[in-house]
Amino acid sequence: MSLPPEDPAPHIARRRRLQDTMRAAGGGIALLPAARPVIRNRDAEYPYRQDSDFLYLTGFPEPEAWLVLIAGDTDRTVLFCRDKNEDRELWEGRSFGPDAALAHFGFDEAYPVERLDDMLPALLLDQPTLFASVLRDARVDECLRRATETARRQSRTGQRPPERQQDLLPLLAEMRLVKDPTEIALMRRAARISAGAHARAMRHARPGMREYEIEAELLYEFRRHGAQSPAYGSIVATGPNACVLHYPAGDAVLRDGHLLLVDAGCEVDGYASDITRTFPVNGRYSGPQRLLYDLTVAAQEAASAATRPGLTWNDGHDAAVRVLAQGMLDAGLLQGSLDGVLESKAYNRFYMHRTGHWLGLDVHDVGDYRMPDAPAGTERPWRELRKGMILTIEPGIYVRPADDVPEEFWNIGIRTEDDALVTDEGCELITRGVPVDAREIEALMRE
């Protein structure tokens, strides 16, 4: 049995915030299921990972569970979960059951999941609005179809099921954009562990090793410090492989004179970290490598300076692009003027992705990058940053061989990525437990 949260108060507070939002929309009932187990092959399952929205609201770690929230004159939080079963627990380990779930997770009521079909029709009656992930999950659609049909049979009593539906997931996405203190503490811990793993990779990397050996060092450091899993598939890419944005750790040999790009982060209690460092296999950057490496670091510094309350999501990207584009011109990778390169987006040849993404319970976390509402027929403005948001800042440069590209830059792929917490006056890079300065990286590798 997984451990319950040390304090259910943060999850209780999130449920109350959601109920307040529902009430402001006229009140109603919300329905949210836990994640399903996923088969890896034949009868073997992948390690279970709870649905992020369900985890955010409940902290409850088991499958076959449903959350019902009611917001109105009287609020109710109801969990339906697996009942205790000795035979199943013999194979799968102990589960909470309704009584323990009630005691440890702060719900008003808890029942065996088998009672959901019997109880949900009555819970739906006279609720103004149904909040659910309608048309996104077949389980939800089928469950609501059955419950609504049953509830409609009660129409002779004067009670009716909800007449309006509203998608629940955008409401949760807005809530999850700004992290509370509990979330920030977990993400700081994930950041510390991941930074230590990257430092370990730097210390261990040597010519003749293979990419998967570096991946093994990362995974070892994640688990030995209590992270439950990687937050995503680790990217460990040497030489030309670093120019493939989502290259998985393979069996390529680390060669003297090549760079190694490592994009990896762990997950702690559901919360992700995301770090990228690019360092020389032999412990010393060559001249061309150092030139482009320092360029990405300068671009990250510019983006970090533009990451603060009152500025928008896109300001950091624009700041990074301007630095990168000028650097490409200075290095002879591009020709023309800075304004011309920016207008034509010629830099996309060597920098083709955005400078970051939201980070939280998902490594590419939920939340719109533009303001949700805008007048019809107008482009929605970029979202303004707020204290408590967490995002990555990850400029890069990727140079593939080409006739019009100086040969000394061929097959150099570099990305520098940190996790940024928006603060009152700017941002804090919470993953700087691993160095980013080229000289500091070289010194660490000499250890």
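Three bridges join strand β18, which covers residues 418-422, to strand β19, and these two strands run antiparallel. The structure described here is a predicted model. The domain assignment divides the chain into domain 1, residues 8-175, and domain 2, residues 178-446.

- Strands β18 and β19 belong to an open sheet of three strands, which has the order β15-β18-β19 and antiparallel pairing.
- The edges of this sheet are formed by β15 (390-393) and β19 (427-429), each of which pairs on one side only.
- On average, neighbouring strands of this sheet are turned by 35 degrees against each other, with direction ignored.
- Which residue of β19 stands opposite Ala420? The residue is Leu429.

**The sheet that contains β11 and β14**

- Another open sheet consists of three strands in the order β10-β11-β14, and its pairing is antiparallel.
- Its edge strands are β10 (235-238) and β14 (275-280), and each of them pairs on one side only.
- From one strand to the next, the twist averages 10 degrees.
- Strand β11, residues 259-264, is joined to β14 by six bridges, and the two strands run antiparallel.
- Within this pair of strands, Ala264 stands opposite Ile275 of β14.
- Helix α8 lies across β11 and β14, and α8 runs at about 15 degrees to β14.

**Helix α8 against helix α9**

- Two packed helices are described by the angle between their axes and by the distance between the axes.
- Helix α8 (residues 181-204) packs against helix α9 (residues 211-224) at an angle of about 145 degrees, and their axes are 9 Å apart.
- The crossing of α8 and α9 is right-handed.
- On the α8 side, the residues that meet α9 are Ile193, Ser194, Gly196, Ala197, His198, Arg200, Ala201 and His204.
- On the α9 side, the residues that meet α8 are Ile214, Glu217, Leu218, Tyr220, Glu221 and Phe222.
- Sorted by class, the residues in the contact of α8 with α9 are seven nonpolar, four polar and three charged.

**Helix α8 against helix α13**

- Helix α8 also meets helix α13, residues 438-446; their axes come within 7 Å and cross at roughly 65 degrees.
- Is the crossing of α8 and α13 left-handed or right-handed? Helix α8 passes α13 in a right-handed crossing.
- The contact is made by Ala199, Met202 and Arg203 of α8, together with Ile441, Leu444 and Met445 of α13.
- The residues of the contact of α8 with α13 comprise five nonpolar, no polar and one charged.

**Domains and annotation**

- How far apart do the C-alpha centres of domain 1 and domain 2 lie? The distance between these centres is 37 Å.
- Nine residues of domain 1 are in contact with 14 residues of domain 2.
- According to an unreviewed UniProt entry, the annotation "domain: Aminopeptidase P N-terminal" covers residues 6-141.
- The span of residues 6-141 is 38% helix and 23% strand, and its end C-alpha atoms lie 34 Å apart.

Technical notes: Residues numbered from 1 in each chain as written. Predicted model: local features only at pLDDT ≥ 70, side-chain atom pairs only at ≥ 80, totals over all residues. Heavy atoms only, no water. Axes fitted to C-alpha atoms, helices over the stretch in contact; angles between N-to-C directions. Helix = DSSP H or I, 4+ residues; strand = E, 2+ residues; numbered from the N terminus. Left-handed = near helix turned anticlockwise from the far one by under 90°. Contact = heavy atoms within 4.5 Å. Nonpolar A, V, L, I, M, F, W, Y, C, P; charged D, E, K, R; others polar. UniProt positions renumbered as here; feature names shortened; annotations may be inferred. Pairing = 2+ DSSP bridges. Domains from an automatic or database assignment.
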